[in-house]
Amino acid sequence: MPLTHDDVRELNRQDPLASFKSRFALPAGTIYLDGNSLGAQPAAASEAVGALMAQWRGSLIQGWNQGWFVAPERLGDRLAPLLGAGPGEVLVTDTITHNIFKLLGYITEGQGITEGQERARPVILSEGGNFPTDGYIAQGFCRFGGFEHRVVPEGEALDAYLDDRVAAAVLSHVHYRTGRLRDMAAITRQVHAGGAEIIWDLAHSAGALPVDLAACSVRYAVGCTYKYLNGGPGAPAFLYVRRDCQDRGWQPLSGWLGHASPFAFAADYTPAPGISRFRTGTHSPLAYAALEASLALWQEVDLAQLRSKSQRLIELFRESLGDCLGKHGISDVTPTEQERGSQVGLVARAHGYAIVQALIARGVIGDYREPGLMRFGFAPLYLSYEDVWQAARHLREVLAAGEHLAPRFHQRGAVT
Ligand SMILES: Cc1ncc(COP(=O)(O)O)c(C=O)c1O
């Protein structure tokens with residue numbers, strides 16, 4: 001039996017995470033189901049950025065000695081507990097794209113071709129259909145580093161693609177389109193047993209579900225902070241290197257801030273000890289200020305409660321849609337409970353884009369990815385059960401009235 005409005009209000013009352021919603025500055029009348037693309041703004045972020053501006057005004061260059069310089073390490077330590085990492089194992093820096101490149105180079109350093117010899121492990125593995133940047137940067141790395149790029153077809157097991165020629169694999173923990181969750185512990189074990197390394201992309205799992213890098217024996221990971229972690233548009237990404245793997249050599253973007261003594265201005269590069277060697281150039285304290293405000297809030301979140309609410313929100317949304325999807329030729333491609341992140345995927349080949357636009361016109365914001373996929377992200381900190389129930393009602397009404405058939409919903413913007 002579908003839940004009634006009263007049932008849903010009761011779920012809100014019993015929700016242990018309910019109070020977090022008031023700590024986000026969401027526009028009135030908006031149900032935001034796109035936190036898997038860009039998270040909502042924590043109410044404290046604006047003040048934090050304002051305070052940084054004031055500090056810049058008052059302190060000028062001295063600001064760098066008042067916390068700006070060490071922000072990549074400080075915020076890394078704040079983020080670490082959400083990832084099952086320890087202090088000094090996470091650095092907040094650059095973008096996922098840069099960080100994958102740095103880690104590929106770091107992992108394979110020393111595997112260069114010496115005269116007349118073949119590289120022992122010349123293959124970099126990545127997943128077809130993954131978020132494009134992961135494949136593109138693997139291709140770029142292979143092209144300039146003399147490696148071969150091998151692609152595992154989307155969703156397939158690695159078995160047939162892992163052999164003793166593979167140096168490293170890049171894989172997403174949660175797939176950006178399908179929302180499918182990979183078994184991090186089992187795959188990490190498998191790759192390590194084959195003598196290779198794996199870099200996990202946590203873009204769709206950090207802040208979406210509990211991640212335990214240590215328990216899964218992960219050595220290398222990357223992720224972003226602008227999705228579920230609500231760090232703001234273009235917020236810096238992060239990189240994880242397990243402590244016992246931190247001092248093996250250089251990373252290839254050997255910039256001055258990853259140097260052991262950046263202000264010695266030495267002629268030659270010497271990597272900084274520990275995680276700091278993964279720095280490159282000058283970071284933006286402004287961007288870190290917004291993220292720091294968000295991470296302060298995250299320290300209070302119980303990740304088991306977050307996961308449980310995410311699953312219940314997803315189920316509520318799907319149940320509340322009733323039989324309307326089938327009637328309109330839409331298929332629900334959301335993976336099962338154990339195999340998913342925190343998003344719902346609905347495929348409407350003909351009108352997916354227009355349906356999402358019609359929903360946005362009603363204040364329900366999701367997004368669209370080719371071909372035909374409507375993505376709805378469920379960020380449990382600022383979504384209530386009532387929001388999700390209402391979002392399903394809006395979708396039912398859009399479809400029943402054929403609102404999406406209006407020509408204005410078929411015009412494409414640059415970002416979908
Ligand atoms: C899985 C995944 N990796 C990487 C990125 C983007 O990486 P970058 O921080 O380099 O823009 C995204 C963006 O949505 C993503 O979903």
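So, the lining of the largest pocket: H4, H5, helix H10 (352–361) and strand E12 (367–369) each supply at least two of its residues. H10 gives the largest share, with three residues. Before I go on, please keep in mind that what you see here is a predicted model.

How many residues line this pocket in total? The count is 35. If you want to find the middle of the pocket on your screen, look for Ser37, Phe131, Tyr226, Lys227 and Arg369, the lining residues nearest its centre. Sorted by class, the lining has 15 nonpolar residues, 12 polar ones and eight charged ones. The volume of the pocket comes to about 520 Å³.

Now, where does the ligand sit? You will find the ligand in that largest pocket. Around the ligand there is a shell of 13 residues, and the closest of them are Ile96, Thr97, Asp201, His204 and Lys227. Two helices each bring at least two residues to this shell, namely helix H4 (96–108) and helix H5 (132–145). By class, the shell splits into five nonpolar, five polar and three charged residues.

Let's look at some individual contacts. Thr97 places a polar side-chain atom 2.4 Å from an oxygen atom of the ligand. Lys227 also has a polar side-chain atom by a ligand oxygen, here at 2.6 Å.

The structure has one cavity of 30 Å³ or more. The volume of the largest cavity is about 30 Å³. Which residues line that cavity? They are Gly207, Tyr228, Asn230, Trp298, Ala379, Pro380, Leu381 and Tyr382. Six of these lining residues count as nonpolar and two as polar, with no charged residue in the set.

As background, most residues other than glycine have a negative phi, and most peptide bonds are trans. Pro371 belongs to the loop that runs between E12 and strand E13 (373–377).

Leu60 is not a glycine, and yet its phi is positive, at about 50 degrees. To find Leu60, go to the loop between helix H2 (43–59) and helix H3 (71–83).

To finish, let's go back to Lys227 for a moment. Lys227 is among the residues nearest the centre of the largest pocket, it is one of the closest residues to the ligand, and its side chain has a polar atom 2.6 Å from a ligand oxygen.

Conventions. Residues numbered from 1 in each chain as written. Predicted model: local features only at pLDDT ≥ 70, side-chain atom pairs only at ≥ 80, totals over all residues. Heavy atoms only, no water. Near = heavy atom within 4 Å. Polar contact = N/O pair within 3.5 Å; in protein donor to acceptor, adjacent residues only side chain to side chain. 1 Å grid on protein atoms, 1.4 Å probe; cavity = no way out; pocket = protein on both sides within 12 Å on 5 of 7 lines; lining within 4 Å. Sits in = over half its atoms within 2 Å of the grid points. Helix = DSSP H or I, 4+ residues; strand = E, 2+ residues; numbered from the N terminus. Nonpolar A, V, L, I, M, F, W, Y, C, P; charged D, E, K, R; others polar. Points joined across faces, edges and corners; volume = space filled by probe spheres on them.
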